[in-house]
Amino acid sequence: MKSICLYFQIHQPFRLRTYRFFDIGHKHDYFDDYANRFLMQQVAEKSYLPANKLLLDMIRKHGNKFRVSFSISGTALEQFEMYAPEVLKSFQKLAQTGCVEFLAETYSHTLASLKSPEEFARQVKKHAARIKELFGQEPKAFRNTELVYSDDIGNLVYDLGYRTMITEGAKHVLGWKSPNFLYCSASNPKLKLLMRNFQMSDDLAFRFSEQRWSEWPLTADKFVGWINGMKENEEVVNIFLTYETIGEYQWAETGIFDFLKAFTKKVIEEARHQFRTVTEVSDSLQPVSGLHVPYPISWADEERDLTAWLGNELQKEAFDKLFQMEEKVRNCSDSQLEREWEKLQNSDHFNFMSTKWFSDGMVFRTVNPFNSPYDAFINYMNVLSDLSIRVGKACTGQEPVPKTATKKARPAAKVLTAKDKPIKTTRSTKTAAAKTKDKAK
Amino acid sequence: MKALMFGWEFPPHISGGLGTACYGLTKALMKHDVEIIFVVPKAYGDEETESIRLVNASDVVIDIKDELFREMISKLSYLEIDSTLIPYADDEEYFRITEQLSKGVKAEQLSIKTHKYSFKGGYGKNLMEEVKRYALVGAEVARQQEFDIIHSHDWLTYMAGAEAKRISGKPLVVHMHATEFDRSGESVNQLVYDIEKAGMEAADIVVAVSNLTRNVVINRYGIPPEKVITVHNGVEPANTNRFVDDQKKVDEKIVTFLGRITFQKGPEYFIEAAYKVLKRDPNVRFVMAGSGDLLPKMIRRVASLGIADKFHFTGFLKGDDVDKMFGMSDVYVMPSVSEPFGISPLEAMRSNVPVIISKQSGVAEVLKYAIKIDFWDIDAMADAIYGLLHYNSLPEMFKEYGKEEVESIKWDQAGKKVKDIYESLLS
């Protein structure tokens with residue numbers, strides 16, 4: 001008997017409006033409310049609402065046998081409240097069934113785990129509190145933004161009290177090992193790891209409606225057949241998807257809803273396998289081995305690394321400049337400014353600056369409002385310049401020079417410029433953060 | 001395979017992008033084993049002079065002592081037709097040139113600046129007569145020579161190409177380097193338009209230098225889409241002798257416009273964007289290099305905006321001065337309203353200058369390391385200028401990869417594509 005672990009990610013960023021340099025210093029509305037509302041309502045209608053209804057129906061029909069896990073970013077939750085409250089209600093209904101687990105993650109879908117352990121911790125706590133408040137659950141398992149994981153990040157997560165984490169079953173980490181077992185962190189064996197089975201997951205996420213795919217059309221029988229055909233001793237099948245796969249990336253017309261329904265029914269009726277949430281998998285299985293992950297991995301692209309967000313010079317400059325403001329933002333204790341700084345950490349902003357599509361035609365993970373990575377970068381930097389001025393003012397009470405914008409040397413970026421190498425910043429930022437602490441003392 | 005090509009200029013005598021393009025394409029085709037008979041009107045009478053180094057408008061230096069060039073010339077049948085046909089010359093220009101020529105001025109000392117012509121005056125009529133005479137010559141050449149295919153470059157040679165096709169029955173390819181809409185905006189010269197249309201209708205295949213031009217050919221001339229194929233231009237490898245650095249003598253950053261100051265090039269949008277940037281950041285200087293009919297109007301606009309202390313006009317720049325200008329520049333802007341291809345941003349990139357180009361240019365279709373804006377969107381243009389001047393990783397990225405990108409846009413690929421077109425017509 002294998003465990004089938006269905007996990008869905010729900011996230012929507014606050015997309016930036018077109019913010020010109022001449023707005024710097026006097027206009028402080030950064031976000032495209034219209035687009036954010038429109039896109040949220042659209043995805044709610046096409047995906048979240050019908051998919052939630054389907055899951056609820058299946059839970060009612062199959063009782064406790066159907067289990068599913070979610071993680072919902074704080075920015076998505078905020079947008080539910082602002083633009084689509086009925087979505088939030090439907091998730092709350094799901095929560096009440098007791099068959100649904102909500103995972104912890106960062107509040108604003110940030111990559112802070114690579115840069116600032118302090119900010120990371122702050123956001124994880126903020127998110128957990130919000131989940132508790134809305135769904136009455138204290139999250140027990142953790143998923144990081146974009147499934148980014150490394151040994152160092154594992155340690156951070158463990159220190160925050162989590163004993164289970166999910167990440168990508170990246171080939172270069174697993175090697176000959178199968179993702180269909182429970183693992184643990186080699187540097188901290190108490191932290192258990194669920195590895196995404198990207199083959200099975202991407203069959204749904206990317207290939208489901210691809211008519212040139214040799215397995216098209218994918219039926220529930222076929223999919224369950226593949227699981228049945230796995231080695232006898234394999235224990236878990238981790239199908240981790242973005243929730244928009246159901247209904248938006250794969251339209252209703254592709255049959256994705258019917259597939260999900262039929263798949264669930266078949267698994268439960270055959271009773272050869274059982275659905276389990278992330279924490280249930282972690283509690284019921286023993287880790288078979290420790291995994292070393294010295295360089296951060298993610299679930300993006302072929303490389304499963306960070307290059308979709310921090311691959312080029314633009315992304316690195318923007319990311320560095322963003323976190324150079326951290327101490328000031330912290331010190332000025334203006335909650336409005338802090339919330340905006342938080343929203344600017346959204347990984348999507350950096351994804352929009354990616355130049356990877358030049359070579360491999362990568363797919364953006366959310367609707368990209370920009371024509372080019374350069375537009376995205378300039379726009380983001382304009383916003384950051386304005387926020388920097390506001391933070392400076394709030395800190396000192398006087399008009400500062402927007403230094404971040406004009407400074408030529410970028411020593412901080414040096415660490416990141418080693419091309420093609422995954423970026424390992426956690427350790428160095430740890431010391432930086434420690435220094436900051438000392439200063440504060 | 002042998003092609004009969006009608007051009008109007010060929011190195012060493014090139015006045016514009018067309019000559020450069022013909023040179024690059026011919027060279028590439030010969031590399032792909034296509035023999036070429038190149039027919040040009042002979043306007044200058046000094047082609048025997050060998051040791052000329054001639055700098056063309058887009059500043060590609062072609063040394064005719066260069067071995068490759070010599071080797072090419074040796075394989076190339078080069079026919080010169082006695083004619084005073086001069087491309088891109090308007091009344092005044094045409095008059096000035098013919099007069100100077102008649103006084104014995106050497107051709108390479110002439111500069112032909114404008115791309116406009118009109119047929120209002122008597123000289124324009126001469127130009128039209130030349131076009132017709134060239135067509136007759138085309139027929140004659142077709143009678144005498146052996147070849148498999150005919151290839152005509154731009155409208156002046158279309159009649160010649162069509163005549164050659166009529167006589168020989170061989171397939172005709174016409175090459176659209178620029179359309180009348182690019183040259184004249186909406187006030188097209190009907191005669192020229194008619195010749196272009198008739199030439200393309202007579203042709204078996206129309207080659208367009210960009211998808212932008214292809215769309216114009218289809219939508220404005222009514223040519224069936226299946227007959228029109230885009231072949232992007234290539235770029236000649238950089239001349240290594242050029243030096244471009246250390247030219248800057250002012251502290252401020254410099255943003256440059258370089259080109260003819262005509263409607264087609266969109267100079268007024270550059271000025272409006274400059275005004276927006278200067279309002280926020282006074283530490284920038286703007287330069288408009290070039291001359292043209294809109295120059296006086298542009299100077300007045302700059303004065304009325306009160307930015308003349310930061311906005312400079314250089315007049316027409318040639319040769320080394322162009323290199324120097326690029327050497328001083330931090331950003332190059334090409335806000336063209338309509339640009340079939342547009343080689344100058346490539347020149348800028350080769351000199352390590354980040355570029356902003358209009359989406360209404362053919363070159364935008366082949367460049368990745370450039371910011372693309374709509375020519376009319378002065379907010380976006382200003383924002384891109386500001387971004388390149390203030391957020392360092394962007395210009396650094398453009399410098400690092402731009403040069404490489406330009407060097408990858410090779411004539412060889414264009415030559416291969418044109419040869420494929422020939423083969424499809426002959427099979």
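## Helix H14 of chain A

A residue is called buried here when its relative accessible area is under 20%. With that in hand, let's look at this predicted model, starting with helix H14 of chain A, residues 335–343. Its buried residues are A:Leu337, A:Glu340, A:Trp341, A:Glu342 and A:Lys343. They pack against several helices of chain A: H2 (74–83), H4 (117–135), H12 (313–324), H13 (326–332), H15 (347–351) and H17 (373–396).

The N-terminal end of H14(A) has a cap, provided by A:Asp334. A side-chain oxygen of A:Asp334 lies 3.0 Å from the backbone nitrogen of A:Gln336.

## Chain A as a whole

Stepping back, chain A contains 20 helices and 12 strands. Of its 441 residues, 60% are buried.

Which strands does E1(A) pair with? One partner is E8 (residues 236–242) of chain A, which runs parallel to E1(A) and is joined to it by 7 bridges; within this pair, A:Tyr7 stands opposite A:Phe240. Another is E2 (residues 68–72) of chain A, paired in the parallel sense over 4 bridges, with A:Gln9 opposite A:Ser71. E11 (residues 274–275) of chain A also pairs with E1(A) in the parallel sense, over 2 bridges, and there A:Ser3 has A:Gln274 as its bridge partner.

## A five-stranded open sheet

Chain A also holds an open sheet of 5 strands, in the order E4-E5-E7-E6-E12, with mixed pairing. Strands E4 (141–143) and E12 (290–291) stand at the edges with a single partner strand each, so one side of each has no neighbour in the sheet.

Within this sheet, E5 (residues 164–168) and E7 (residues 192–196) of chain A pair in the parallel sense over 5 bridges. A:Thr167 finds its bridge partner in E7(A) at A:Met195.

## Two helix pairs to inspect

Two packed helices are described by the angle and the distance between their axes. In chain A, the axes of H2(A) and H3 (residues 85–96) come within 5 Å and cross at roughly 120°, which makes H2(A) oblique to H3(A). The contact brings A:Leu77, A:Phe80, A:Glu81 and A:Tyr83 of H2(A) to A:Pro85, A:Val87, A:Leu88 and A:Phe91 of H3(A). By class, that is 7 nonpolar, no polar and 1 charged residues.

In chain B, are H7 (residues 190–202) and H8 (residues 211–221) roughly parallel or roughly perpendicular? Their axes come within 11 Å and cross at roughly 100°. Angles of 65 to 115 degrees count as roughly perpendicular, and H7(B) and H8(B) therefore fall into that class. On the H7(B) side, B:Tyr193, B:Glu196, B:Lys197 and B:Met200 take part, and they meet B:Val217, B:Arg220 and B:Tyr221 of H8(B). The residues of this contact divide into 4 nonpolar, no polar and 3 charged.

Terms used. Residues are numbered from 1 along each chain as its sequence is written. Chains are lettered from A and ligands numbered from 1 in the order in which they are written. This is a predicted model: local features need pLDDT of at least 70, side-chain atom pairs count only at pLDDT 80 or more; totals for chains, interfaces and linings use all residues. Side-chain values use heavy atoms; hydrogens and water are left out. Two strands pair if DSSP finds at least two bridges between them. Axes are lines fitted to C-alpha atoms, for helices over the stretch in contact, and angles run from 0 to 180 degrees between N-to-C directions. Angles under 35 degrees count as roughly parallel, over 145 as roughly antiparallel, 65 to 115 as roughly perpendicular and the rest as oblique. Contact means heavy atoms within 4.5 Å. Ala, Val, Leu, Ile, Met, Phe, Trp, Tyr, Cys and Pro count as nonpolar, Asp, Glu, Lys and Arg as charged, and the others, Gly among them, as polar. Buried means under 20% relative accessible area, exposed over 50%, partly exposed in between (1.4 Å probe, protein chains only). A polar contact is a pair of N or O atoms within 3.5 Å; within protein, one must be able to donate a hydrogen and the other to accept it, and residues adjacent in sequence count only if both atoms are side-chain atoms.
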